[in-house]
Amino acid sequence: MELTAETRTPDPRLQRPGAPRWRGAAESLFPALVCDPEGYTDAVRVIGELTAALRSSAAGRTALALAVAEPAEFLAAHGIEGSRSVPAALLVGVACEIRERELPPEPVERTTAPDGCRIVPDGPGRAAHHAVRSRVFVQEQAVFDGSDVDPRDTAADTLHVLCTVGGDQAGCVRLYPLDGPDDRPGDWQGDRLAVLAEHRTGHVGAELVRFAVATAGARGGSRMIAYVQPVNERFFRRLGWSVVQESVSYVGRPHVLMDIPLTAGA
């Protein structure tokens with residue numbers, strides 16, 4: 001099974017109380033300068049230079065927050081002389097406010113709990129299942145070139161599963177019984193576990209794994225195996241899986257072979 005997760009270490013400067021602090025800076029600055037033409041002209045000059053510096057560096061919201069957190073350092077780094085009458089923090093704040101208006105809207109991170117998982121034998125649900133797989137394994141991870149569909153997808157005993165959040169496709173997995181010469185009676189395999197990036201903080205992956213395990217157990221399976229990306233080994237361990245073999249090549253990439261016992265009431 002494949003599952004992509006993403007972690008980031010936040011810059012400690014972004015954790016200061018009130019950061020980012022640029023919104024509303026213009027409203028605080030310009031009323032105070034109405035009666036000070038010379039100060040107004042000087043402030044406009046500095047803000048123009050600061051805004052140009054932010055644009056030339058293609059500053060996004062993280063860079064804006066860092067600039068506001070250390071305004072004097074930002075001025076010095078870009079060789080900009082500050083205003084004689086206006087604090088650097090206020091000038092940088094106004095420039096950041098101007099720059100933010102030029103940026104696309106912030107994406108909304110979806111953390112809603114999953115609606116649930118269901119088997120999708122055909123129709124729109126099956127199309128959504130394959131769309132999720134394509135986005136993750138073909139477009140994002142480039143594990144497959146063009147398509148990840150294989151003969152297992154057309155086998156009558158393969159089950160395709162879709163998980164939705166708020167009615168929208170969020171993740172998928174497929175599972176099937178194994179009957180090869182080296183397989184044990186009752187063995188099942190789960191693979192093509194994929195979760196869209198915007199839903200990776202909403203427990204969709206865990207919901208899909210549990211659903212696959214319960215479904216295989218309800219259909220008479222005794223064990224489920226999965227080839228897991230090494231980065232996701234801990235995730236599967238937390239769900240009760242065990243390592244069978246380390247460093248196995250699967251779809252041309254290193255994986256860990258893991259398994260979990262199944263019961264009829266799983």
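## Chatting through a predicted model

User: Which cysteine sulfur is closest to the one in Cys-172?
Analyst: The one in Cys-163, but the two sulfurs are 9.8 Å apart, which is too far for a bond. A disulfide needs the pair within 2.5 Å. Keep in mind that this is a predicted model.

User: Is Cys-172 buried or exposed?
Analyst: Cys-172 counts as buried because its relative accessibility is 0%. Cys-96 also has 0% relative accessibility, so Cys-96 counts as buried too.

User: Switching to the core. Which residues touch the most other members of the largest nonpolar one?
Analyst: Leu-175, Leu-208, Val-209, Met-224, Phe-236 and Trp-241, out of 29 residues in that core. Several elements each supply at least two residues, among them strands β2 (159–165) and β3 (168–177), helix α8 (233–238) and strand β7 (253–261). The largest share, seven residues, comes from α7.

User: What other core lies apart from that one?
Analyst: One of 20 residues, including Val-46, Ala-53, Ala-67 and Leu-103.

User: Tell me about α7. How many residues does it have?
Analyst: Helix α7 has 15, running over residues 204–218. From the first C-alpha to the last, α7 reaches 21 Å, close to the 21 Å expected at 1.5 Å a residue.

User: Which of its residues are buried?
Analyst: The buried ones in α7 are Val-204, Gly-205, Ala-206, Leu-208, Val-209, Ala-212, Val-213, Thr-215, Ala-216 and Gly-217. Just after the helix, Gly-220 has a positive phi of about 95°.

User: How far is Gly-205 from Ala-194?
Analyst: Their C-alpha atoms are separated by 7.5 Å, and the two residues are 11 apart along the chain. Ala-194 is in strand β4, and at 0% relative accessibility Ala-194 counts as buried.

User: Let's do charges. How many salt bridges are there?
Analyst: The whole structure has 19. One of them joins Asp-153 to Arg-133, with the closest N and O atoms 2.9 Å apart. Asp-153 is in the loop between α6 (123–140) and β2, while Arg-133 is in helix α6, so to speak linking distant parts of the chain, 20 residues apart. Asp-153 and Arg-133 are both buried.

User: And what does Arg-135 pair with?
Analyst: Its side chain meets that of Glu-198 in a salt bridge, 3.4 Å from N to O. Arg-135 is in helix α6 and Glu-198 is in the loop between β4 and α7, so this pair ties together parts 63 residues apart in sequence. At 35% relative accessibility, Arg-135 counts as partly exposed. Glu-198 is partly exposed too, at 23%.

User: What about Arg-192?
Analyst: Arg-192 forms a salt bridge with Asp-148, and the closest N and O atoms are 3.1 Å apart. With Arg-192 in strand β4 and Asp-148 in the loop between α6 and β2, the pair ties together parts 44 residues apart in sequence. Arg-192 counts as buried at 6% relative accessibility, and Asp-148 counts as buried at 3%.

User: Last topic: backbone angles. What's up with phi at Ala-58?
Analyst: Phi there is near 50°, a positive value in a residue other than glycine. Ala-58 is in the loop between α2 (37–56) and α3 (61–69), and Ala-58 is exposed, with a relative accessible area of 56%.

User: And phi at Ser-247?
Analyst: Near 50°, again positive in a residue other than glycine. Ser-247 is in strand β6, residues 242–250.

User: Is Ser-247 buried or exposed?
Analyst: Exposed, since the relative accessible area of Ser-247 is 61% and the cut-off for exposed is over 50%.

Notes: Residues are numbered from 1 along each chain as its sequence is written. This is a predicted model: local features need pLDDT of at least 70, side-chain atom pairs count only at pLDDT 80 or more; totals for chains, interfaces and linings use all residues. Side-chain values use heavy atoms; hydrogens and water are left out. Helices (H or I, at least four residues) and strands (E, at least two) are DSSP runs, numbered from the N terminus. The expected span of a helix is 1.5 Å times one less than its number of residues. Buried means under 20% relative accessible area, exposed over 50%, partly exposed in between (1.4 Å probe, protein chains only). A nonpolar core is a set of buried Ala, Val, Leu, Ile, Met, Phe, Trp, Tyr and Cys residues joined through side-chain atoms within 4.5 Å. A salt bridge is a side-chain nitrogen of Lys or Arg within 4 Å of a carboxyl oxygen of Asp or Glu.
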